[in-house]
Amino acid sequence: MSCHFKSYITTPIYYVNDIAHIGHAYTTIIADSLARYARLIGQETFFLTGTDEHGQKIEESAKLRGKEPQAYADEISATFKNLWDDFDISYDKFIRTTDKDHKIGVQKAFTTMHKRGDIYKDKYKGHYCISCETFFPKTQLVDDEFCPECGKSTSIVEEESYFFRLSAYQDKLLAWYENNPDCILPKSKRNEVIRFVEGGLEDLSITRTSFDWGVKLPDDFNDSKHVMYVWLDALMNYVTALGYGTDDKNMDFWPARVQLIGKDILRFHAIYWPAFLMSLDLPLPKHIGAHGWWTRNGEKMSKSKGNVVNPREVADAYGLENFRYFMLREVPFGGDGDFSQKALIDRINSDLGNDLGNLLNRLIGMSGKYFDGRVESDKVANHYQAELNEVNESLAKLEPMLFELQIHRYLEELWRPLSVANKAIDKYQPWTMMKEDRIEETMALNGLIATILAKVSIMLHAIMPKTTQNIAMALGFEINPESFVKLIRNDEILETFIIEKIPPLFPRVEEELIVEIKPEKVEKATVKKESKKEDKNEGVALIGIDQFFQTSLKIGTVVGAEEVSKSKKLLLLQVDIGEDKPRQVVAGIKEWYSAQDILNTQVCVVANLQPAKLMGMKSEGMLLAAKDADGLCLIRPEKPKTTGTSIS
């Protein structure tokens, strides 16, 4: 495949009304895997992610928090960028719709569409959902009032607006869907879009005058009361990130190879976006992939239930790469997925531990026992050509699956070579062959196992980059475009090497590492409103003084502190709270405190929490801290106090 082929991979830009959740992580990990694979096979690759920061919802959220919209957007956008950086997401650009160049590009697009005759000014009256930033015809409302998408109440809005002639593109859109059967994935989603468009398209209101937080119209229009509709603004990010409207320096990456989205924003990306591109005479993306939603233990996630999955918490507890594998293997793309710790543990112990990790351990053991760690593969074809053929046939099927977003099938097929390798050991029994002095066959079997592991690690590299580099190090080669061509494209085998002993890649997980609070076990506090002056507590569960004193808070002295080597966040502390021996506390404060900083200082400890496990380490308490946009600081006594003193 030519190295001049360009791959442009995008995530949706995430709306800054809350911090990142598991759905955001899922989309971003898929995009990261596609981008890593494209780079591995020698393609020039541009991977875009970012945040969507305009609109009435952001303006109102900022006001509720007593902040300016820009300050609020800065704060939430940073949480996304920091998470992706901590997750080693290999994006080439993190775009924000408040970026100056983006605004310039959006204004250019508006002017171009207007000159073409696709934008006109009129008045609009309709049912508007602030949460979805969308007008809905009355026929689509639930009980003539509620939004069909989110269920919230709509309001009648009448205002002057600029409109995009979406209706003019109905036939062109239908032709695109017809002529490009893979343009929307999975194909069932394409059928949904076709049915919607065949029902008739109305022109689209693309400006607002009822709020101010957005991209203004170009100065030429002399119409400053209008700001652009959030979806016109947001969708244009995919080309403004490449320089559209400014320097065009990366526009040769357009059209996108894969644009990943959640199924809830499919209509905007599969109807509005291609229509905008047609109006701008820009090519249409090759694939728009819409994934499903995630539930937790079979239930829809919600803050009120306390069951929203925090991707950082899961990655810290179980390992980032194990989390990546689980997310991409567990559910077919496009379907809804269910997150449970049991399912994650099963994947770690079975797929990763037994099938992959144990195979490497067996190779290290056999090579060390029989050949002082030396592995030769030159005689593999003489003895195990059938196994080698089966492996190469499986690997040849993989690449199309990846870019057609059949990622669970990709990983399922990738595990077949591991099954071939494990069965070969059981079938040929190297321990028996060595007793019979069949040394060449035994060495060739080791070469077969090593070659299979090398090939699998190359094809798994995009999903688990650090794990596979460790495997490659043990096998004496590097994962790069050259080894990809040699071992995958050309079906070659590993050269002779001395195997390096490495620790087990996937230690067995025996129990759930994150303590889950069951909603039915949480005592619900009822709040009685006695006067309007108490309304500020609305939405806050008030508790009685007796409930408060059920929490045991104590002064502790940190008598031991060390970094958790595989974590960017965690310190392992020994905290004396006046008991017979110190408590072990695993605290996620390494970003703000070093082990040396905190040693021999005093902290406030929640002393009667049920013990939990983080990254396999028992934690017997929690430190009190406060965190805002400026970072985190520990809550400490103003003056030194006797260790174990109760806080009241």
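**A charged pair and its surroundings**

Guide: Start with D351 and R347, whose side chains meet in a salt bridge at 3.0 Å, N to O. A salt bridge here is a side-chain nitrogen of Lys or Arg within 4 Å of a carboxyl oxygen of Asp or Glu. Side chains of opposite charge can pair when their charged atoms come close.

A word on the source. This is a predicted model, where local features need pLDDT of at least 70, side-chain atom pairs count only at pLDDT 80 or more, and totals for chains, interfaces and linings use all residues. Residues are numbered from 1 along each chain as its sequence is written, and side-chain values use heavy atoms, with hydrogens and water left out.

Back to the pair. Both residues sit in helix α12, which covers residues 341-371. D351 and R347 are 4 residues apart, about one turn of the helix. Helices (H or I, at least four residues) and strands (E, at least two) are DSSP runs, numbered from the N terminus. Are D351 and R347 buried or exposed? Both are buried. Buried means under 20% relative accessible area, exposed means over 50%, and partly exposed is in between (1.4 Å probe, protein chains only).

Now look wider. The whole structure holds 37 salt bridges. One of them links the side chains of K466 and D88, at 2.8 Å from N to O. K466 is in helix α18 (residues 465-474), while D88 is in the loop between α3 (69-86) and β4 (93-96), so this pair ties together parts that are 378 residues apart in sequence. D88 is partly exposed, at 28% relative accessible area.

Another salt bridge joins the side chains of K486 and E495, at 2.9 Å from N to O. K486 counts as partly exposed, at 24% relative accessibility. E495 is exposed, at 57%.

Next, a sheet. Three strands make an open sheet with mixed pairing, in the order β15-β14-β16. Its edge strands are β15 (299-300) and β16 (337-339), each pairing on one side only. Two strands pair if DSSP finds at least two bridges between them. Strand β14 (residues 294-296) and β15 run antiparallel, joined by 2 bridges. T295 has K300 in β15 as its bridge partner. Helix α11 (residues 320-330) lies across β14 and β16, at about 145° to β16. Axes are lines fitted to C-alpha atoms, for helices over the stretch in contact, and angles run from 0 to 180 degrees between N-to-C directions.

L573 belongs to strand β20 (residues 571-576). Its relative accessible area is 0%, so L573 is buried. Setting aside residues up to four places away in sequence, L573 touches several others, among them V558, V585, I598 and L623. Contact means heavy atoms within 4.5 Å. A561 is also touched by L573. The two are 12 residues apart along the chain, with C-alpha atoms separated by 4.5 Å.

P285 sits in the loop between α9 (266-279) and β13 (287-291). P285 is buried too, at 3% relative accessible area. Leaving aside neighbours within four places in sequence, its contacts include W176, W254 and W273. From P285 to A270 is 15 residues in sequence and 9.8 Å in space, C-alpha to C-alpha.
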